[in-house]
Each structure stands twice: as structure tokens, then as C-alpha cells.
Amino acid sequence: MLKRIFYIICFIVFIQFIDGCKKDKVPYPEIVEQSKWEKLSGEYKVYDTLGNYLYDMNISHIHDSQNDTDSLHFENFDDNFDFSSKQLNFGSNVSPYFITIGPKYTIFDNEFKRWKILTLADTAYNTLINGTIKMKYRITNINYYLQDITPYCDTIKIQLAVKQ
């Protein structure tokens, strides 16, 4: 009879010992989804369509709370320009990561020559996909090349910007 009580007590102690050795459950940290602007902002290495490195570029987000508008600021765009471009909402047909490149106003390059950079409404381009933006834009100095004494240029460029 004493043996049975001893075995029962040992069994209860053993069960409590095993139960006490369980690992405490650690709550998983909440995964916070990055906003569209956090995903777009950052440093990029830009390549041509053959994979040749061209230049470094930085994109940052600017929010105007007064007008409730968003813009992207491009630094060293095309290895020659710094400007901001207002971002528009194109609706549900277009990816939310589609960006507009180029301001509506004339910009100056690093040599103070005037240019216009125009985005092209081709949804296969200018969209962030897996950290890469296939950029397609038009750059022209048609209005200014005579006054700025610079060679005429009106070209469409395609480049790949890879986020670092």
C-alpha cells in the first residue's frame, strides 16, 4: 500500500516536473506592412537595358498635409537632375506603385541648362516591382536649346533602377 502511494506521488511529481519544463510561448512581433512611400523611398542603382551600371539615384517621399498631396523627390536623376514630381492617383486599373517621373515645370541640369522631363503613360514601366523600377521617360530641351547654346535633344530613355 505504501508502495502504491509512493508511486502515485512520484507520478504526480513527474507530471508537474514535465509540465513545468514547457517553453513559455513568446508572442510573435506584429508584422507592420510598409507603406507605398516607404517601399518607393531609398537608394537605387540605375542600369541601362543591357545591365551596364549608369549612376546612383535617391528617391524620397514628401507629403504636403496642407493640400493632402504626395510627391517623390529624385536626387541625381539621369545623373544630372534633382527635382520633385507630384504623384497622382490613377485609379484601380493602374498599380498603386506606378509613379510619375518629371515635374510639370522646366528644370535645370548640373550645368544650368533647361530641360523638360516627361513621364510616359505606359503602365508596363515606371512601376515598382520587387524593388526594381523599369523607368521610361522622355527628356527634351526643344524649347531651350538655341538660347542655352546646347545640342538639341529629344529622346526617350529606358533604364532599370534597382533598390539597394
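Me: Buried means under 20% relative accessible area, exposed means over 50%, and partly exposed lies in between (1.4 Å probe, protein chains only). Is Asn89 buried or exposed?

Reply: Asn89 has 74% relative accessibility, so it counts as exposed. This is a predicted model, in which local features need pLDDT of at least 70 and side-chain atom pairs count only at pLDDT 80 or more, while totals for chains, interfaces and linings use all residues. Residues are numbered from 1 along each chain as its sequence is written, and side-chain values use heavy atoms, with hydrogens and water left out.

Me: Where does Asn89 lie?

Reply: Helices (H or I, at least four residues) and strands (E, at least two) are DSSP runs numbered from the N terminus. Asn89 lies in the loop between S4 and strand S5, residues 107-108. Asn89 and Asp70 are 19 residues apart along the chain, and their C-alpha atoms are separated by 9.8 Å.

Me: Where is the place of Glu33, and what joins the side chains of Glu33 and Lys39?

Reply: Glu33 is in the loop between helix H1 (2-20) and helix H2 (36-40). With a relative accessible area of 60%, Glu33 is exposed. A polar contact is a pair of N or O atoms within 3.5 Å; within protein, one must be able to donate a hydrogen and the other to accept it, and residues adjacent in sequence count only if both atoms are side-chain atoms. The polar contact between the side chains of Glu33 and Lys39 is 2.8 Å.

Me: Which residues have the most contacts inside the largest nonpolar core?

Reply: In soluble globular proteins, nonpolar side chains tend to be buried together. A nonpolar core is a set of buried Ala, Val, Leu, Ile, Met, Phe, Trp, Tyr and Cys residues joined through side-chain atoms within 4.5 Å. The largest one here has 23 residues, and those with the most contacts inside it are Met57, Phe74, Phe77, Ile101, Ile117, Ile133 and Met135. At least two residues of this core come from each of H2, strand S1 (42-47), strand S2 (53-64), strand S3 (69-77), strand S4 (81-87), strand S6 (114-119) and strand S8 (132-140). S8 gives the largest share, four residues.

Me: Which residues is Ile133 in contact with, leaving aside neighbours within four places in sequence?

Reply: Contact means heavy atoms within 4.5 Å. Ile133 is in contact with Leu40, Tyr44, Ile59, Ile99, Asn126, Thr127, Leu128, Gln159, Leu160 and Ala161, with neighbours within four places in sequence left aside.

Me: Gln159 is on that list. Is Gln159 buried or exposed?

Reply: Gln159, in strand S9 (residues 154-163), counts as buried at 5% relative accessibility. Its side chain makes a polar contact of 3.4 Å with that of Asp78. Leaving aside neighbours within four places in sequence, the contacts of Gln159 include Val46, Tyr47, Leu54, Tyr55, Asp78 and Ile133.

Me: How many salt bridges does a search of the whole structure find?

Reply: A salt bridge is a side-chain nitrogen of Lys or Arg within 4 Å of a carboxyl oxygen of Asp or Glu. The search finds six. One of them joins the side chains of Lys157 and Asp78 at 3.0 Å, N to O. This pair links distant parts of the chain, with Lys157 in strand S9 and Asp78 in the loop between S3 and S4, 79 residues apart. Lys157 is partly exposed at 26% relative accessibility, while Asp78 is buried, with a relative accessible area of 11%.

Me: Where in the chain are Asp148 and Arg114?

Reply: The side chains of Asp148 and Arg114 meet in a salt bridge of 3.0 Å, N to O. Asp148 is in the loop between S8 and S9 and Arg114 in strand S6, 34 residues apart, so to speak linking distant parts of the chain. Asp148 is buried at 11% relative accessible area, and Arg114 is partly exposed at 23% relative accessibility.

Me: What do the side chains of Asp154 and Arg138 meet in?

Reply: They meet in a salt bridge of 2.7 Å, N to O. Asp154 is in strand S9 and Arg138 in strand S8, 16 residues apart. Both residues are partly exposed, Asp154 at 30% relative accessibility and Arg138 with a relative accessible area of 29%.

Me: Which residues does Lys136 touch, not counting those up to four places away in sequence?

Reply: Lys136, found in strand S8, touches Leu120, Asp122, Tyr125, Asn126, Ile156, Lys157 and Ile158, with residues up to four places away in sequence not counted.
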